[in-house]
Amino acid sequence: MNKCILRLYKSGQMRKWICLVVLSSFFTSFLVAQKEDSKKSEEIHDDLSKPVAELVSLDSVRVNQLLKIVADQPRGLGEPASNRAAWNKIAAQMKYDAFIAKVNKLDIANFPKWDEDLYLEYQKKGVRKNADKMIGERTKWLPQLVFAECLEYKGNYLPSIEFVVKELIQQKSWTLPAHDKGNKNFEGKEYDVDLNAAKMATFLSQTLYLLGEKLSAKTQNDIKNDLRSRIFDPVLQTYKTKKNHWWLTTTNNWNAVCLSGVTGAAFAVLPGKYERAVFAAIAERYSRNYLAGYSDDGYCTEGLGYYNYGFGNFITLREFLLVGSDNKLDLFQDSKMKNIALYPINLEIINQVWPSISDCRAGSKPNENILWYCNKSVGLGIKKYNETNINNPDDLVFDAIKLFPDNIKSINSGNNVKDGYQIRSYFEKTGVLICRPKDASKTGAMGVAIKGGTNNEAHNHNAMGSYSIVVGNEMLMGDPGGPLFYNSKTFTSERYTLFKSLASFGHPVPLVAGVQQRPGEEAKTKVLKTDFSKDKDVLVMDISSAYLVPTLKKLERKFIYDRTQTGDLEVTDIFAFSSPQLFETALTTRAKWKQINETQLLLEGEKGKLLVTIQAPCPIKIISEDIEESQPVFTRIGIQLEKPLASGEVKLVYSTK
């Protein structure tokens, strides 16, 4: 008897049985615990429209409702490679010779090696860019190889795919080192899901879905087992421990990115309908938090860069749920969805230039794939985004959507947005105003972005009252943008003391009695007046709450944008103290600049010029400082009143004439 058991164990069959028994036991105990928790809490399935601030027990009633609409079989995005009719049609539409030629140059001998020293560099030195780059370079091989095999289907790329999958499976951590507290993922003590692990989950599950039986049985099982141990079980465990995976209840990009990765992998890989219904319930419930991060007018406080990242993944989450529920479970039913889709359109200043608010990097532009998708699904009616490029697929998730656009579900009611030039966009809920000239194509045309808001926003910069100015297609003055890479201090209590570019010092806002703006929810702009017309826009805001200065009685910032010609801007700071204090305002720029005389500066780009005229109640002193902190250098030009005053006004007049 013992010899028989030993032979079974060595053959591997018993090990598979043991693994199945253990996994079955875990999932059963999870479900039992959920049912017990559900009895202790009120049912929540009747109100799925509200965000969830705290982790709550899964509603077993809702899970059973979803069980009725979840597809009978696992399904990913796009069509499996075995559907040759579908892929041959795609191949006929694509100009993919250049893509195949590029993939053919991928030699597994040059596959980036896993470097433990780089991974541990963050814990030892606080440096994360090198490990992040190494992990990213390893991941990006897989989509190209998989799509090449789907297109040709000759088995030529399967050996390389198997090799890369094995490398990724054997990778000690799918979690980025900055998110791996105590190196617990790296050391295999405990797994949790971060942004990169979510991406790995969808890439591997999509590989399995698209290639299926073309992969060896071992590779298929390895993918399934690692997804179980690194993704599914850790997330389910969260409901038992109420620990880890804080992103379930956050309102920023992490929520959408991680939910998309977990849900997509579950729908593509898990064989059991009930398991997929559980993950559908998780996604449906907690994705509300991501939408809660947007104001009703569609504004994203994280800035354009994180809009691209977060909303792009919310789109893929929507697609995973749609294909996994036969188009019945749709996250795009929210009333503000069209406004969210229009955010990048409304945020554009002029001539394809956008403000770099919060941690958005300078020069960032909207992801055109998002606008193409929203054109088809929401009905934006913007002609320039009717088509998208499918000739160089490198994302196993979004490109699978692009290659099969007929699968996209439209919620368009026929009320398309007017496809035309608007002289103004105003996000009233957050006090963000975009002012545009009547004709942005004219020489010297000036557009402006003005930011109110709070100093308690996602990826926040202390920048209440900040503004940016574009002349032609050049940003000549304004928010410097976020860093090109983060380090161990970026998201700590030292964020605004170590980094001038994140603090108010690195923005065109006042320095009051030597004090910078403070972070936190109490620092909140109060809009006092708006007056918009075809020729002029006026916005007045109280920004005094941003400054902890006991003697400060009043601090208002008044913007007047005049579009009667090519555009002019006046920015006036009106201040009052209980006793005389120093006051300083500033502008920030990457343009060449010079002081023309005591009260005028000239900023020069490659083509455009911006004249700044300073009106102050006393003599001023110009103080400049170059700031370089993980981003292209910019200059802060401080305009300091030479003597303390009890009250006064400082006006900056910007003109291109």
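Which residues are linked with Arg 228 in a network of salt bridges? I found that Arg 228 is linked with Asp 233 and Glu 275 in such a network, where a salt bridge is a side-chain nitrogen of Lys or Arg within 4 Å of a carboxyl oxygen of Asp or Glu.

I noted that this is a predicted model, in which local features need pLDDT of at least 70 and side-chain atom pairs count only at pLDDT 80 or more, while totals for chains, interfaces and linings use all residues. Residues are numbered from 1 along each chain as its sequence is written, and side-chain values use heavy atoms, with hydrogens and water left out.

I searched the whole structure and counted 30 salt bridges. One of them joins Glu 167 to Arg 138, with the closest N and O atoms 3.2 Å apart. This pair links distant parts of the chain, since Glu 167 sits in helix α9 (residues 158-170) and Arg 138 in helix α7 (residues 129-139), 29 residues apart; helices (H or I, at least four residues) are DSSP runs numbered from the N terminus. Arg 138 is buried at a relative accessible area of 0%, whereas Glu 167 is partly exposed at 22% (buried is under 20%, exposed over 50%, partly exposed in between, with a 1.4 Å probe and protein chains only).

I then looked up Asp 399, which forms a salt bridge with Lys 402, the closest N and O atoms lying 3.3 Å apart. Both residues belong to helix α17 (residues 398-403), three residues apart, or about one turn of the helix, and both Asp 399 and Lys 402 are buried.

Conventions
Helices (H or I, at least four residues) and strands (E, at least two) are DSSP runs, numbered from the N terminus.
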